[in-house]
Amino acid sequence: MKLHDTMKIARWEFIKNIKSPTFLALTIIIPVLMVAGGMIGYFATSSAMNEIQQVAVIDETGALFPILDAYLSATPVEATLFTVDEREQVAEEVRQGLYNGYLYLTAQTVKSGEIPYYVKDTRDQNTFVLADAVRYTVNLHRLQTAGLSDAAVRLATAPIIFQTRSLAGEEASLAEMLVPYAVVFILVLAAMFSGQVLMYGVIKEKRNRIVEILLSSISSLDLLVGKLIGFAGLGLMQVALWLAVGLTIAARFIDLGQISLTAADLVPAVLFFIGGYLLFASLFAAMGATMKDAEGGSQMQGMVILIPMIPLFAAQAIMMAPNALWVRIMSFVPPFIPVTVLIRMAATTLPWWEIAATFVMLVLSAAVFVVLGARLFDRGILHFERNLSFKDIGKMLKKNY
């Protein structure tokens, strides 16, 4: 492989695609969606928690309403007390929209814990604040009727914080759990969007016969590696922009200072991201060389994207048993290595030798995929007239083809 030719291709790919409308659209749309999603979520939550509501309450016990009313006094929900004889009247007023609904509190419902809240339409109800108030009221009433003193009630209702600490006395690091998950998300996005641009670029060059000119002066390996380096630069630029926007939005909801990020948390995740990106990008480029048009490419793109998604489908099982034998085996199977290992990093502390072994396997796998991709690229790129079948691809990967 000639490094000079490879870097020329890399610069050419970077400059060409950074001006591409598709690339620019994907680069800008993702942050816009992040901002829109964050704002929608923030305003939806704020709106739900601050919605003014009128709630009627029928309290047969005679003891629950004062507790409930005191709790709701600091919220936008206003409660009005009615007698049992007024139940039909209250139900009619709920139907007319004068009240959002009415609570029916009895000794039996307090005992069972099933508190009925009657509304006109169960699909159009915001009960976040009211449900918390009812839970607090019933629990406090139960403790008081059990004969506990005020001090004992306060002690029983005090919040409990469950903390996991190592034997060295340290709390679980938030960064150790969040960073690998974030990298998995970014890897899948980068592979999906950058890989799509790479695949369609290869298909376009194939149809325009540009690749014939390129392969007459440089090797297919130089061409493919140059494309991968160029797209890696584009992908890192995209990721940097997405991270900047994502962290800015996240800072409005959580204290980022609580995430004590260290090099030990970041470096392994970044290395697995780079290895995984090169592996998936080489697959996209190789598949693009076998396609006649974008329609066929879109189907193959779905197959390639499905590969990193398979460990995501099993993410819950991996998190519950990160050191299970089948999970460890999956950590050494080339297409699944980056996503599986990153999920395991979020779930547990992996020994250094296992991280090193899986990373070496990832590097070797990426190198093999690049070489095989280059061979497929070389032998499939000049087939302009048709999409190649799996049988054709198998023949092309043989040395004597």
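Reader: Okay, is Arg328 buried, exposed or partly exposed?
Author: Arg328 is partly exposed, with a relative accessible area of 32%. Buried means under 20% relative accessible area, exposed over 50%, and partly exposed in between (1.4 Å probe, protein chains only). Bear in mind that this is a predicted model, where local features need pLDDT of at least 70, side-chain atom pairs count only at pLDDT 80 or more, and totals for chains, interfaces and linings use all residues. Residues are numbered from 1 along each chain as its sequence is written, and side-chain values use heavy atoms, with hydrogens and water left out.

Reader: Got it. What does the side chain of Arg328 meet in a salt bridge?
Author: The side chain of Glu354, at 3.7 Å from N to O. A salt bridge here is a side-chain nitrogen of Lys or Arg within 4 Å of a carboxyl oxygen of Asp or Glu. Arg328 lies in helix H14 (residues 325–330) and Glu354 in helix H16 (residues 352–380), so the pair ties together parts that are 26 residues apart in sequence. Helices (H or I, at least four residues) and strands (E, at least two) are DSSP runs, numbered from the N terminus.

Reader: And Glu354, buried or exposed?
Author: Buried, at 2% relative accessibility. Glu354 also has a salt bridge with Arg344, at 2.8 Å from N to O. Arg344 sits in helix H15 (residues 337–347) and Glu354 in H16, so this pair links parts 10 residues apart in sequence. Arg344 is buried too, like Glu354. Through shared partners, the salt bridges join Arg328, Arg344 and Glu354 into one network.

Reader: How many salt bridges does the structure hold?
Author: Four. One of them is between the side chains of Arg135 and Asp132, at 2.6 Å from N to O. Both residues are in helix H6 (residues 128–145), three residues apart, which is about one turn of the helix. Arg135 counts as partly exposed at 49% relative accessibility, and Asp132 is partly exposed at 36%.

Reader: Switching topic: what order do the strands of the sheet come in?
Author: S2-S1-S3-S4, four strands in an open sheet with mixed pairing. Two strands pair if DSSP finds at least two bridges between them. S2 (77–82) and S4 (117–119) are the edge strands with a single partner each, so one side of each has no neighbour in the sheet.

Reader: How do S3 and S4 pair?
Author: S3 (residues 101–105) and S4 pair in the antiparallel sense, over three bridges. Leu103 stands opposite Tyr117 in S4.

Reader: Which helix packs on the sheet?
Author: Helix H3 (residues 64–72), which touches S1 (53–59), S2 and S3. Contact means heavy atoms within 4.5 Å. The direction of H3 makes about 160° with that of S2; axes are lines fitted to C-alpha atoms, for helices over the stretch in contact, and angles run from 0 to 180 degrees between N-to-C directions.

Reader: Which residues of H3 are buried?
Author: Leu64, Phe65, Ile67, Leu68 and Leu72. They cover an arc of only 160° around the axis, which puts them on the same side of H3. The arc is that of the directions from the helix axis to the C-beta atoms.

Reader: What covers those buried residues of H3?
Author: The cover includes S1, S2, S3, helix H5 (107–112) and H6.
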